[in-house]
Amino acid sequence: MADAKSTTKRAGAKSKSPNVWTDEERAAMAESARERKASSKLSPEEERAPGEADIRAKIAEMTEAERTIAERIHELVARHAPAFVPRTYYGMPAYSKGGKTICFFQPASKFKVRYCTFGFQPDAAIDEGDMWPVAFAVTKLTPTVEKRIVELIEKAAA
C-alpha cells in the first residue's frame, strides 16, 4: 500500500503573502475582464453603440466635477477623432482604434486619488522625441487645457 503524502502546511497557518491589490484595483480588473469578454466577438461598428452606452453610464456614476470633465472630453474625442470607438477600459471611459485602446479618462474617485487623469496607451503614438508624458492630470478644463487635449487626440488619431 502506498504511503499517503502529508502536507507541510500547519492547520490554521496564515498565508504569508499580503493582499497586493486594493479593492478598487481588483474591481477594475474584474471590469476589464467583463469588457474584454463582451467586446471580443464584436466588430468596431457593432461595438460603437454599446460602447457609447457604457461610457454614458460610467460618466453618470461620477461626481459632478468629474462628470463635467468627462462629458467634455467625450465631446472633444467624438468631434476630433470620430474614427475612435467608445468603450470602457477597466471601467473607465475610453476610446479605441483597430481594437486597441488609445486613450482613457480616469476619474479621481476610481482609485481614490486627488485628481482625474487623461491617459494614452502605447498605440496612441503621441511620441515627442526621446521622452514624453502619456498621462495628464486634469483638475479643470480651461480653453488652454482643451486645446492641448485636442492636439493630443488629433495626434493619436493620425
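Phe118 and Phe120 are both buried in this predicted model. For Phe120, the relative accessible area is 3%. The two rings form an edge-to-face pair, because their centres lie 5.1 Å apart and their planes stand at 80 degrees.

Phe120 has a second ring partner, Phe136. Here the centres are 6.3 Å apart and the planes meet at 90 degrees, so this pair is edge-to-face too. Phe120 sits in strand β4 and Phe136 in strand β5, so the pair ties together parts 16 residues apart in sequence. Phe136 has 18% relative accessibility; it counts as buried because the cut-off is under 20%.

A search of the whole structure finds 4 aromatic pairs. Ring pairs also link Tyr89, Tyr90 and Phe104 into a cluster.

Now widen the view to the core. In soluble globular proteins, nonpolar side chains tend to be buried together. The largest nonpolar core here has 27 residues. Phe84, Phe118 and Phe120 touch the most other members. Helices α2 (44-61), α3 (64-80) and α4 (143-157) each supply at least two residues of this core. So do strands β3 (100-106), β4 (116-120) and β5 (135-138).

What does Phe118 contact, leaving aside neighbours within four places in sequence? Its partners include Ile73, Val77, Cys103, Phe105, Val134, Phe136, Ile149 and Ile153.

Last, turn to His74 in helix α3. His74 counts as buried because its relative accessibility is 3%. Not counting residues up to four places away in sequence, His74 touches Glu52, Ile55, Arg56, Ile59, Pro86 and Tyr95.

Terms used
Residues numbered from 1 in each chain as written. Predicted model: local features only at pLDDT ≥ 70, side-chain atom pairs only at ≥ 80, totals over all residues. Heavy atoms only, no water. Core = buried A, V, L, I, M, F, W, Y, C linked by side-chain atoms within 4.5 Å. Buried < 20%, exposed > 50% of the residue type's maximum accessible area, 1.4 Å probe, protein only. Helix = DSSP H or I, 4+ residues; strand = E, 2+ residues; numbered from the N terminus. Contact = heavy atoms within 4.5 Å. Phe/Tyr/Trp six-rings, centres within 6.5 Å; stacked < 30°, edge-to-face > 60°.
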